[in-house]
Amino acid sequence: MIVGRGPSALAALLLLCCYTTHAAAADLADKLRDDSELSQFYSLLEQNPVANATLSLRSCTIFVPTNEAFQRHKGPTHVLYHITTAAFSKDQLEKTVSSDMEGNPPLYITKSRNGDIYVNNARIIPSLSVELTNREGKRQVMHIIDEVLEPLTALPTAKTEINNLDALQFIQKADQLSVGDNKLRTYRSQLALMKKESLYNAPGAHTFLLPVDEGFKITTRSSLVDGKVIDGHVIPNTVIFTAASQHDEPKTSAAFEDQLKVTVSFFKQKDGKMYVKSNTIVGDAKHPEGVVLSEIVKANIPVKNGVIHLIRRPLMIIDTTVTQFLQDNGENGALRKFLEVIMDSGGAVLDGINNLSEVTILAPSNEAWNTSSIDNIVRDRKRMTDILNMHIIKERLNVEKIRQKNANMIAQVPTVNNRTFLYFNIIGEGADAKITVEGGGVNATILQADVAQTNGYVHIIDHVLGVPHTTVLGKLETDPMMSDTYRMGQFSNFNDQLNNTQRRYTFFVPRDKGWQKTELDYPSAHKKLFMRDFAYHSKYILERHLVIADHVFTMKDLAQMSLTTDNVVLPTFRDSLKMKVTEEAGHLHDEYASHEWTGYVITWNYKKINVYRPDVECTNGIIHVIDYPLLEEKDIVVSGGSYMPESSICIMLANLIMITVAKFLN
């Protein structure tokens, strides 16, 4: 930590190679020397006569990395790149300041929304900055940063001097620069062919995304890099270093006009890998709409007119199938574990995807697989295949189409086997909207939507569908289709039992639209069902829907049991539930559905009730979402502003008779 010092500190001496000692100038060096957390930078500073002279005679700002930052740093450290010959407090820092390194390459300042300030990719640590005046009356400022600043440098074998290059010069001389094994020859050729050099040597401060040669293994891909695609790799008038980037915040690219609109955004996975994505919002015949992902292979290369990020493949270009995308992103990529599980299950799932002319994949991220509940299932190849198929849809389903389906209801979409449905819901509006999908009892959020391929889309999600990780209560609480049942169970204390993992529940949950239908059939009763004053009666109704046994009953189980009896009898909390389950064809999922589905229908008390979502698995049971409550008019008596179930009236009458008899006998 940097702390203040008394007047005696001003007497400390800083030995210079070429200059007279000044007591006041020693103070800043003393602060470096005496702070053990800054010792590595101080050691380098001592060895640099130009840096020492600057501290002695000039105004300056010095950006000092911590020792912890040096532990993460690889390669040489350029001390003068951390110094600028003007004094700037944090509030005075402009968008760019010139460093004292040869050629005076700029340092870029980013001020984030949360108040953090970055120098290139390094964050200034709050409250540790120091301001002094040396003996010459020159103002000096020191800021402590969490990362070593790295300038653009040439390889030792470079034949020409390289100082403060702009982005175009970087591209032209990339083979002589210290950028690892990354080559830019293909993109450089296309840039020259399209005569787009002026885009890269434009003055100002921009962000440039340069695809490396590895991204052009598909031989036809380079021919798709036209002038508009090149424009889509530049974010004009904005410098974005990865640490300072606002994740998933779209930025307007140079390809943004009436007929073509492309945005670019950054995001980081939990494993630390950084990605960039283009989103062609408005496309044309040559540039289809959709998202393209690319991993950043070398980030944060500062140049004279901005910052460069080298990326694994070009943006905007959609030239791979869904299968090829999974394979390309499988090895050490964003979907590595998803592909591993597919291949471990025998590869038939991947063959099935490859045979579909149109397909949408809900692909769990690498982190989504890191749960113990999945580890136990992965070994069961048949069940794992069923779970994987739950993530496959036989149509092109992008966000816009989900919005259309979700206009007046929660959108339901069949998976590849036509028997399992996925349920999409949009929460919020505009840029802040979040899209969730439910399958097999699991709610997942779409992390990256509309990753476009030639035959469909990939949406990256944060949970594996079909592998439950919440109790019946947790599912009831979070599922937007069951909010009315949850609300009713809360004020009646019915829900308290549903977190018990020692029991196995089968819960027939009316969806919200089902309760709304009762408002039309029994308006007065419906109103009271959701009033706290009538909680006892609400609880009585809900208990009829809850089966408690030593195992759960799937819809398939109930349908098979119904083949041999007129009524299946199930044990509930108070009594028993009698029903018959059959499979029927019809518009089971909504009266506006365009296709007929074969689904389950419950017959209860001569009423037919569609099963809207069967077999929603939970860790302690299973939920069947039904279209209408198990409710009849005779269940409810409305009188004098109150109501009660018929059975409750019978109990009261019996008690009244007993009291009357007792009085008579006395």
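Q: Which residues touch the most other members of the largest nonpolar core?
A: In this predicted model, that core has 52 residues, and Phe 507, Phe 508, Leu 570, Ile 602 and Ile 623 touch the most other members. As for who gives the most, that's strand S28 (residues 607-618), with five residues.

Q: What does Phe 508 touch, not counting residues up to four places away in sequence?
A: Quite a list: His 545, Val 547, Met 555, Leu 558, Leu 570, Leu 577, Met 579, Ile 602, His 624 and Ile 626. To count as a contact, heavy atoms have to be within 4.5 Å.

Q: What makes Tyr 187 and Tyr 200 an edge-to-face pair?
A: Two numbers. Their centres are 6.5 Å apart, and the limit for pairing is within 6.5 Å. The planes sit at 80 degrees, and over 60 counts as edge-to-face, so the label holds. Tyr 187 is in helix H6 (residues 185-193) and Tyr 200 in helix H7 (residues 197-200), so the pair ties together parts that are 13 residues apart in sequence. Ring pairs also bring in Phe 208, linking it with Tyr 187 and Tyr 200 into a cluster.

Q: How do you know whether Tyr 187 and Tyr 200 are buried or exposed?
A: Buried means under 20% relative accessible area. Tyr 187 comes in at 2%, so it counts as buried. Tyr 200 is at 0%, so it counts as buried too.

Q: Why is Arg 511 said to lie over the face of Tyr 612?
A: Arg 511 is at 3.9 Å from the ring centre of Tyr 612, and the distance cut-off is within 6 Å, with an angle to the ring normal within 35 degrees as well. Arg 613 likewise lies over the face of Tyr 423, at 4.5 Å from the ring centre.

Q: Why is strand S14 (residues 290-303) called largely enclosed?
A: Eleven of its 14 residues are buried, so the rest of the structure largely encloses S14.

Q: What makes S14 a partner of strands S13 and S15?
A: Pairing takes at least two bridges. Six bridges join S13 (residues 274-282) to S14, and five join S14 to S15 (residues 306-311), so both pairings qualify. Both pairs run antiparallel. For examples, Tyr 275 has Glu 295 in S14 as its bridge partner, while Ile 301 has Ile 308 in S15. S14 and S15 form a hairpin, with two residues between them.

Definitions and conventions:
Residues numbered from 1 in each chain as written. Predicted model: local features only at pLDDT ≥ 70, side-chain atom pairs only at ≥ 80, totals over all residues. Heavy atoms only, no water. Phe/Tyr/Trp six-rings, centres within 6.5 Å; stacked < 30°, edge-to-face > 60°. Helix = DSSP H or I, 4+ residues; strand = E, 2+ residues; numbered from the N terminus. Buried < 20%, exposed > 50% of the residue type's maximum accessible area, 1.4 Å probe, protein only. Core = buried A, V, L, I, M, F, W, Y, C linked by side-chain atoms within 4.5 Å.
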